[in-house]
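Thanks for coming. I will go through a pocket, a core and some salt bridges, in that order.

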Amino acid sequence: MDIRLTSTVFQLFAKDVQRSLGFYRLLGLPIPETTEPHVAVGLPGGNTLSFDTEETIAGMHPGWAPPASSASRLALAFGVDSPAKVDALFEKLTAAGHAGPLKPYDAPWGMRYATVADPDGNWVDLFAPLET
């Protein structure tokens, strides 16, 4: 039997979904205003990012518990238009109080790169090709 995957959903388990939604809105994702415990939003390229409360996940998966470590177990990466926009978005997010574990820099693989952390500690990489 030939089975082909048809879509991708990245799912975040959030302690506070509303706070997480605020972070990703600030990042620039078109997240609707809602008070639901489950929210899904389309990503560039046709994938989906969904948010669920820890309580929702625990209710679906008996025995599940949030990770004990505050270290990120997931990194999302979002490309932007230019190296200057990497810097601007990093500044916007860190000025709003979000951690910036990796300040913008010119990576040896030809990208302007930075990392911010969402409210649950998940790393969100920002990148753009360096101008040649």
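The second largest pocket has a volume of about 150 Å³. A pocket here is an open set of points on a 1 Å grid over the protein atoms alone, where a 1.4 Å probe fits, with protein on both sides within 12 Å along at least five of seven lines. Its volume is the space filled by probe spheres set on the points, which are joined across faces, edges and corners. Before I go on: this is a predicted model, where local features need pLDDT of at least 70 and side-chain atom pairs count only at pLDDT 80 or more, while totals for chains, interfaces and linings use all residues. Residues are numbered from 1 along each chain as its sequence is written, and side-chain values use heavy atoms, with hydrogens and water left out.

What lines the second largest pocket? Lining residues, meaning those with an atom within 4 Å of a point, include Phe10, Leu43, Pro44, Leu49 and Phe78. Strand β4, residues 75-79, gives the largest share, five residues; strands are DSSP runs of E, at least two residues, and helices are runs of H or I, at least four, numbered from the N terminus. By class, the lining has nine nonpolar residues, one polar and no charged ones. Pro counts as nonpolar and Gly as polar in this scheme.

Now the core. The largest nonpolar core has 25 residues, and Tyr24, Leu27 and Phe51 are among those with the most contacts inside it. Such a core is a set of buried Ala, Val, Leu, Ile, Met, Phe, Trp, Tyr and Cys residues joined through side-chain atoms within 4.5 Å; buried is under 20% relative accessible area, exposed is over 50%, and partly exposed is in between, with a 1.4 Å probe and protein chains only. Helix α1 gives the most to this core, five residues. Leaving out residues up to four places away in sequence, Tyr24 touches Leu12, Leu49, Leu76 and Val124, among others, a contact being heavy atoms within 4.5 Å.

Last, the charged pairs. The whole structure has four salt bridges, each a side-chain nitrogen of Lys or Arg within 4 Å of a carboxyl oxygen of Asp or Glu. Arg25 pairs with Glu33 at 3.5 Å; Arg25 is partly exposed at 23% and Glu33 exposed at 69%.

Arg112 forms a salt bridge with Asp87 at 2.8 Å, N to O. Arg112 is in strand β6 and Asp87 in helix α3, so this pair ties together parts 25 residues apart in sequence. Arg112 is buried at 16%. Arg112 also meets Asp106 at 3.0 Å, and shared partners join Asp87, Asp106 and Arg112 into one network.
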